[in-house]
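Please read it with the model open.

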Amino acid sequence: MAGEDDPGARKLRHDRHQEHLTPDFELTLPARAENVAVVRHAFGGFGDALDVPDHALADVKLAVTEACTNVVVHAYPDGDGPMAVSAGLSDGALTVVVADEGRGILPRPDSPGLGLGLPLIATLASSLELGTNDREETEVRMTFELDRGSGSGTA
């Protein structure tokens, strides 16, 4: 868990109105490499159903892939655990949350990556928040401003 041992972790402050809404998309899978592709594919269908512009959907899928890959690589060093992904569309903005019950966002010395996932997500998303939710799960919360003229403002 991100917490006392991680000075960079912070509690996420959610909009109360948003917390009571049922997400438009929810998926929980074991945090395994093969399930990253499942989530990416599901977001493709979700984006198509909402008529998200192709360029915006490509950014969302890449950012979600990076966030899910971080869960697979970092969250559960001693085995499997859940990876939960949810998304909601409101006022032309898509908010995506990737959560896990693992050890939090900590560097892993044996990680083969160069640590570019979170900076890439920050570049693709309009906003990025990292921290823990009220259930003490690690959360990556990404918001994407969508083209309002695309018909994606309904949900």
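The points below go from the sheet to the helices.

1. This is a predicted model, where local features need pLDDT of at least 70, side-chain atom pairs count only at pLDDT 80 or more, and totals for chains, interfaces and linings use all residues. Residues are numbered from 1 along each chain as its sequence is written, and side-chain values use heavy atoms, leaving out hydrogens and water.

2. Start with the sheet. It is open, with 5 strands in the order S1-S2-S3-S5-S4 and antiparallel pairing. Strands are DSSP E runs of at least two residues, helices are H or I runs of at least four, and both are numbered from the N terminus. Two strands pair if DSSP finds at least two bridges between them.

3. Now the edges. S1 (25-30) and S4 (127-132) each have a single partner strand, so one side of each is left without a neighbour in the sheet. From one strand to the next, the twist averages 15°.

4. Look at S2 (residues 82-90) and S3 (residues 93-100). These antiparallel strands are joined by 8 bridges. Ala87 stands opposite Val96 in S3.

5. H3 lies across S2, S3 and S5 (138-145), at about 10° to S3. H4 touches S4 and S5, and its direction makes about 135° with that of S4. Contact means heavy atoms within 4.5 Å. Angles run from 0 to 180 degrees between N-to-C directions, and axes are lines fitted to C-alpha atoms, for helices over the stretch in contact.

6. How do H3 (residues 54-75) and H4 (residues 117-124) pack, and at what angle? The angle is about 155°, with the axes 9 Å apart. The two helices are therefore roughly antiparallel (over 145 degrees).

Conventions: Parallel < 35°, antiparallel > 145°, perpendicular 65-115°, else oblique.
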